[in-house]
Amino acid sequence: MAEAEQVKVLRSWLSPWSFKVELALKLKGVPHEKVEEDLANKSPLLLASNPIHKKIPVLLHNGKAIPESGIILEYIDETWTNNPILPKAPYERSMARFWSRFIDDKCVGACWMSCWTEGETQQMFMEQARASLRILDDELGERKFFGGESIGLVDISACFLSLWFGVLQEVAGISLINGEEFPNLCRWIEGFVATDAVTECLPPRDELLATFQSKKQAILATKSMVY
Amino acid sequence: MADVKLIGSPLSPYVLRAILALSLKKVEYELLEEKFGEKSELLLKSNPIYKKIPVLIHHDRPICESAVIVEYIDEVWPESGFGAILPADAYHRALHRFWTYYVDDKWFPSLVAIGKAETEEAKAEAVERVRAGLLLLEEAFVKLSEGKAFFGGDRVAFLDVMFGCFVNWIVAAEELVSVELLDEATVPALHGWAVRFREHEAVKEVMPDSGRVLGFLKILQAKWKADAAAAKKKL
């Protein structure tokens, strides 16, 4: 891509979804500007760039606005073709897309709700989360990353399970992802957060922890993932 | 080609997406119809996680989830039949995927809510949400079509398939509850698109007519009513 590329990410330092976008850009060595959004007071730029959902992340590339983290990842991979995050062959690509969707649909929500509910409801969510994590753990198997030797689409999609869910479990006082039940996932988490590109993009753990501690009551009231 | 099999029924709009894509590509396949209310062993084996149709089986390997299937079909048979389904440039691909996600996440559930509504208020609310969604899709169509026939411009493209699978569902819903949804006055561009989409050579061959869909919708509605009554009994 020639000339002065304008790449901006409308993001929040707290959000694993905007982290996904920033990680993909980092893996491809694409220089970009991070525009921090106050989600309680959304900027005119955000509202204009994503009028339907009004959510981060949004990728702005030479004036074009692309919302939705999963869609942004595919756009990034198609636009900057070095260090691909999706496999080449159609079947492997479809598997990567399938597992990304699985993580979004079946893992993240159940894990989140496990943290903020109690009693029977919490048990139900924890069971759902466990069942999904088991499937994911089996799928990963002995591999270093879901993408094989290097981070791919599914690894990026699973980022919530790494730093964020670790912090949330601590705030909520629960322990779901443990080495006994999910040895492969635990190994993956260690490897993932230790990767250079990931380390450079992750928010500081202590700040994340402190912020979620302070927001705990607010989240308990709404259970909303928009915090 | 027994090499390509599709598990599902054309009465499911999600299965219809895969059927439309295969029709556009002129790829031969075997349709393995599932009986409504039952799940075959092959389905349970091929899609153990979701246990849902559609499932495409190619070279004995299953692919699940309608959007994943359509993108797979486009990538395996890029030049066949009517050519590419995904738009050529990355930004338009993103837009087609964005609106597909909107249709699946927000719009279609509101259409289903019309059928599930137990009171007149609930029905009216659902109808309003469907109409509001159609207005957004109207705007999207005007922007993406650039004055041409389809969301893909001159050609039927991804969003045409992913949203077009619902056109006869909309007609059936309109008949079921006696309301206008995709009418010429409020959504003229979409109205015109729906007519052209149905008439497309690859579409009219495979799309179940709204009469069949209405029949199926009535069966579904009865099932939803029964499920809701059973759930109430449990409380």
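**Backbone features in chains A and B**

Good morning. I begin with B:Glu146, which is exposed, with a relative accessible area of 58%; here exposed means over 50% relative accessible area, partly exposed is the range between that and 20%, and buried is under 20%, with a 1.4 Å probe and protein chains only. B:Glu146 is not a glycine, although its phi is positive, at about 50°. The residue sits in the loop between helix H5 (120-145) and helix H6 (158-164) of chain B.

A word on the source. The model is predicted, and local features need pLDDT of at least 70, while side-chain atom pairs count only at pLDDT 80 or more. Residues are numbered from 1 along each chain as its sequence is written, and chains are lettered from A in the order in which they are written. As for the element names, helices (H or I, at least four residues) and strands (E, at least two) are DSSP runs, numbered from the N terminus.

I turn next to B:His59. Its phi is near 50°, a positive value in a residue other than glycine. B:His59 belongs to the loop between E3 and strand E4 (61-64) of chain B, and is partly exposed, with a relative accessible area of 46%.

Finally, the cis peptide bonds. Where does B:Pro54 lie? B:Pro54 is in the loop between helix H2 (41-46) and strand E3 (55-58) of chain B. The bond joining B:Ile53 to B:Pro54 is cis, with omega about 0°. In chain A, the peptide bond from A:Ile56 to A:Pro57 is cis, with omega near 0°. A:Pro57 is placed in the loop between helix H2 (44-49) and strand E3 (58-61) of chain A. Thank you.

Key. Heavy atoms only, no water.
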